[in-house]
Amino acid sequence: MAMTRLTPQRAAILEYLDGNTDHPSAEDIYRAVRRRYPMISLATVYNTLDALKQEDAVMELSIDTARKRYDPDTRPHNHLICTTCKRIVDIRVRLPLRLPKSEQSGFKITGKHVEFYGLCPDCQDAQV
Ligand code: ZN
Ligand code: MN
């Protein structure tokens with residue numbers, strides 16, 4: 001693994017992501033980090049996220065079809081998304097889901113990601 005320079009921007013992005021469970025988009029990260037580093041560009045955020053992804057320091061989620069979302073927790077876990085406000089929360093419980101051999105089409109299965117969709121409590125309240 002190539003050592004990447006720890007630029008102030010990269011450090012700021014890492015600091016913002018550390019322990020962050022909001023699954024922010026690149027734009028969210030850009031807006032937050034820009035407050036401290038006004039010179040940072042969205043391109044730098046994208047490039048940094050790409051590098052962090054290569055190093056398995058961040059996981060890219062495609063559960064939100066409108067924009068990629070990022071998760072600093074790279075341990076296997078599943079997600080639940082609100083179809084209205086696009087809030088994403090973690091599912092921590094292990095889901096005993098097994099794909100029968102007859103449905104594997106000869107693939108060697110290396111992973112899975114289960115996505116649940118619904119309305120979060122706030123969006124249920126707004127739905128009168
Ligand atoms: Zn919602
Ligand atoms: Mn997550």
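Helices are DSSP runs of H or I with at least four residues and strands are DSSP runs of E with at least two, numbered from the N terminus. The model shown is predicted, with local features needing pLDDT of at least 70 and side-chain atom pairs counting only at pLDDT 80 or more, while totals for chains, interfaces and linings use all residues. Residues are numbered from 1 along each chain as its sequence is written, chains are lettered from A and ligands numbered from 1 in the order in which they are written, and side-chain values use heavy atoms, with hydrogens and water left out.

Figure 1. Read from the N terminus on, its elements follow the order α-α-α-β-β-β-β-β-α. The C-alpha trace spans about 50 × 50 × 25 Å along its principal axes. Of the 128 residues in the chain, 29% are buried, where buried means under 20% relative accessible area, exposed means over 50%, and partly exposed lies in between (1.4 Å probe, protein chains only). Counting contacts (heavy atoms within 4.5 Å) between residues at least 6 apart in sequence, 45% join residues at least 24 apart.

**Figure 2. Five residues coordinate the manganese ion (ligand 2).** The donors are His23 (NE2), Asp71 (OD), His77 (NE2), His79 (NE2) and Asp90 (OD), and they lie at 1.9 to 2.3 Å from the manganese ion. Donors here are N, O and S atoms within 2.8 Å of the metal (3.2 Å for Na, K and Ca), and sites may look incomplete, since water is not among the atoms. Along the sequence, the spacing of these donor residues is H-x47-D-x5-H-x1-H-x10-D.

**Figure 3. His23 sits in the loop between helix 1 (8-17) and helix 2 (26-34).** His23 counts as buried because its relative accessibility is 1%. Its side chain reaches the backbone oxygen of Thr21 at 3.1 Å, and a polar contact, also of 3.1 Å, links it to the side chain of Asp71. A polar contact is a pair of N or O atoms within 3.5 Å; within protein, one atom must be able to donate a hydrogen and the other to accept it, and residues adjacent in sequence count only if both atoms are side-chain atoms. When neighbours within four places in sequence are left aside, the residues in contact with His23 include Leu61, Tyr70, Ile88 and Val89. The phi angle of His23 is near 55 degrees, which is a positive value in a residue other than glycine.

**Figure 4. Asp22 belongs to the loop between helix 1 and helix 2.** Is Asp22 buried or exposed? With a relative accessibility of 52%, Asp22 counts as exposed. Its C-alpha atom is separated by 19 Å from that of Arg10, which is 12 residues apart from Asp22 along the chain.

**Figure 5. An open sheet of three strands has the order 4-3-5 and mixed pairing.** Strand 4 (88-91) and strand 5 (115-118) stand at the edges with a single partner strand each, so one side of each has no neighbour in the sheet. Neighbouring strands of this sheet are turned against each other by 25 degrees on average, with direction ignored; the axes behind such angles are lines fitted to C-alpha atoms, for helices over the stretch in contact, and angles run from 0 to 180 degrees between N-to-C directions. Strand 3 (residues 78-82) runs parallel to strand 5 and is joined to it by four bridges, given that two strands pair if DSSP finds at least two bridges between them. His79 stands opposite Glu115 in strand 5.

**Figure 6. The largest nonpolar core has 13 residues.** Such a core is a set of buried Ala, Val, Leu, Ile, Met, Phe, Trp, Tyr and Cys residues joined through side-chain atoms within 4.5 Å. Ile13, Leu17, Ile29, Val45 and Leu49 touch the most other members. Helix 1, helix 2 and helix 3 (42-54) each supply at least two residues of this core, and helix 2 gives the largest share, four residues. Residues up to four places away in sequence not being counted, Ile13 touches Ile29, Val33, Ile40, Val45, Thr48 and Leu52. In helix 2, the residues Ala26, Ile29, Tyr30, Ala32 and Val33 are buried, and the buried residues of helix 2 pack against helix 1, helix 3 and strand 2 (69-71).

**Figure 7. Ser105 lies in the loop between strand 4 and strand 5.** Ser105 counts as exposed because its relative accessibility is 64%. Although Ser105 is not a glycine, its phi is positive, at about 50 degrees. The C-alpha atoms of Ser105 and Cys82 are separated by 32 Å, these residues being 23 residues apart along the chain.
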